[in-house]
Amino acid sequence: MQELIQKAKEIINKRYKKGFHSVGSAVRTKSGKVYTGISINSQKVDICSEWSAISTALSEGDSDIEMVVAVKRNEDGSSEIFSPCALCRELYVSYCPLAKVIISETEMIEAEKLLPYAWKKKRY
């Protein structure tokens with residue numbers, strides 16, 4: 001868990017740009033590989049870092065995601081674990097409902113429990 005949090009912190013500290021990139025994510029697949037991503041913010045559309053990281057894993061053919069975390073970097077350089085938004089919760093239900101989502105330094109929850117009563121889609 002701490003290793004994944006650290007990877008998310010590293011990517012957002014490396015790529016942070018106020019107004020453009022403020023959240024970094026890391027996902028670990030059952031293969032043990034870690035994929036990272038950053039948020040992409042524009043005037044019309046914002047893409048969460050979780051979508052970026054999961055998209056990279058899927059693009060590499062590594063679709064069995066077991067753990068996810070998002071870390072927000074604040075302007076003062078501090079960081080905090082960022083709870084997933086509603087769109088990310090939908091992403092999890094569709095692509096990795098059994099993944100563990102890190103929601104604090106000490107807590108994880110199964111992805112599908114973040115969106116109770118969600119539709120049931122065939123497992124990806």
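Start by selecting Gly32: this glycine takes a positive phi near 95 degrees in the hairpin of β1 and β2, which has four residues between the strands. (Strands are DSSP runs of E, at least two residues, and helices are runs of H or I, at least four, all numbered from the N terminus.) You're looking at a predicted model, where local features need pLDDT of at least 70, side-chain atom pairs count only at pLDDT 80 or more, and totals for chains, interfaces and linings use all residues. Residues are numbered from 1 along each chain as its sequence is written, and side-chain values use heavy atoms, leaving out hydrogens and water.

β1 (residues 23-29) and β2 (residues 34-38) run antiparallel, joined by five bridges; strands count as paired if DSSP finds at least two bridges between them. Pick Val27 and you'll find Tyr35 of β2 opposite.

Next, jump to β5 (65-73). Seven of its nine residues are buried, so β5 is largely enclosed by the rest of the structure. Buried means under 20% relative accessible area, exposed over 50%, and partly exposed in between, with a 1.4 Å probe and protein chains only.

Who are β5's partners?

- β1: antiparallel, seven bridges; Gly24 stands opposite Val71.
- β6 (residues 79-81): antiparallel, three bridges; Val71 faces Ile81 here.

Last stop: helix α2 (residues 49-59), where the buried residues include Ser52 and Ile54.

Technical notes
Contact means heavy atoms within 4.5 Å.
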